[in-house]
Amino acid sequence: AVSEEMRKLYVACTRARDKLILTAALKPEQEPAKNSFLNWLMQTDIKTIYAETDTPVCPFPQKITAEPPSPADESQELIAATKRVYSREPLTKIPRRVTATQVGVQSAGFSIQDENQDEPTVFPRSASFMKNKKLTGKKRGDAYHKMMELLDFKAGNFKQQMQNHKSRFTEEEFAAIEHEKIEAFFASPLGKRASASAKICKEFKLCTEINLSELGCPAEYDVLFEGEKPFVQGIADMFFYEDENIILVDYKTNRNISSENLIRQYRKQLEIYARAIGEMTGSKVSEKWIYSFELGGIIA
């Protein structure tokens, strides 16, 4: 109830455009109630109270001035206020929350719009209401990720499993998945290791904090604004355990891209994932892999 009353007072006091006048009355020697509006206001940074008479309405501890300041004094005060430099102004330009993908892609010098893009094409995409439309690179990647999440790594017979999950996809999504490439993952050494693991985690939601310098800010910001660390969140595609160690795997469906560019573009993202998973699970991430459905497994 007290918090709600404070909220109401805050709302009332921040709606004035040019001037705010607040009045209160107390009997001589009377103190304002503990949780009253007047008590809260008297604890703020109000320095001077102006009264229309020489007799104050209540015994404020601050100095009482009978006459308001001259317009010239008010003008100088306003000018000084507009010239004041906010010491933490750089923080107003830094997002408080970002995704690991944004940090990773931008630190590699890419635009965030480049992430999950397909090969360039000179043909415009079809209107959304037209049938047989081709999926964008992002939606095609989502379809692959969804299928990998649904598959039971230990059950085998992945071709039949994919057919069993067909109803979970639209026709366009299911057609965009090249099933032989998913089967190739499970035939690869990395896929075999994952299938043999006693514990597999998929689509793991994670979060951590990073230094301002990791967002591309000057290194001195880490000291100057110590404690102001942006919050980073993301979703790890999959990781599995080998003994006490964690093997992190990130799926990629990018086309026409080299393994070197994949590593450069997503290394920072995987570093953040590994840090967050280590903090949240208490286990060490010993290996970080990018599995490209176009190129195969790539150690990052």
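Visitor: In strand β5, which residue is the bridge partner of L206?

Guide: Two strands pair if DSSP finds at least two bridges between them, and helices (H or I, at least four residues) and strands (E, at least two) are DSSP runs, numbered from the N terminus. Here the partner of L206 in β5 is G234. Strand β4 (residues 200-209) pairs with β5 in the antiparallel sense over 9 bridges. This is a predicted model, in which local features need pLDDT of at least 70 and side-chain atom pairs count only at pLDDT 80 or more, while totals for chains, interfaces and linings use all residues. Residues are numbered from 1 along each chain as its sequence is written, and side-chain values use heavy atoms, with hydrogens and water left out.

Visitor: How many bridges join β5 to strand β3, and how many join β5 to strand β6?

Guide: Strand β3 (residues 97-99) runs parallel to β5 (residues 231-242), joined by 3 bridges. V98 stands opposite V232 there. Strand β6 (residues 245-252) runs antiparallel to β5, with 5 bridges, and F239 has L248 in β6 as its bridge partner. The hairpin of β5 and β6 has 2 residues between the strands, and D243 takes a positive phi near 60 degrees in it.

Visitor: Which residues touch the most other members of the largest nonpolar core?

Guide: A nonpolar core is a set of buried Ala, Val, Leu, Ile, Met, Phe, Trp, Tyr and Cys residues joined through side-chain atoms within 4.5 Å. Buried means under 20% relative accessible area, exposed over 50%, and partly exposed in between (1.4 Å probe, protein chains only). In soluble globular proteins, nonpolar side chains tend to be buried together. The largest core here has 27 residues, of which L206, A236, F239, L248, Y273 and I277 touch the most other members. At least two residues each come from α4 (100-107), β4, β5, β6, α11 (259-281) and β7 (284-292). The largest share, 9 residues, is supplied by α11.

Visitor: What does A236 touch?

Guide: Contact means heavy atoms within 4.5 Å. Not counting residues up to four places away in sequence, A236 touches K202, E203, F204, L206, L248, Y273 and I277.

Visitor: At what angle do helices α8 and α9 pack?

Guide: Axes are lines fitted to C-alpha atoms, for helices over the stretch in contact, and angles run from 0 to 180 degrees between N-to-C directions. Angles under 35 degrees count as roughly parallel, over 145 as roughly antiparallel, 65 to 115 as roughly perpendicular and the rest as oblique. Helix α8 (residues 179-187) packs on helix α9 (residues 189-196) at about 70 degrees, with the axes 4 Å apart. The two helices are therefore roughly perpendicular to each other. F185, F186 and A187 of α8 meet P189, L190, G191, K192 and S195 of α9.

Visitor: Is K181 buried or exposed, and what of K284?

Guide: K181, in helix α8, is buried, with a relative accessible area of 17%. Leaving aside neighbours within four places in sequence, K181 is in contact with Y144, Y291, F293 and E294. K284, in strand β7, is exposed, at a relative accessible area of 60%. K284 touches E244, N245 and I246, not counting residues up to four places away in sequence.
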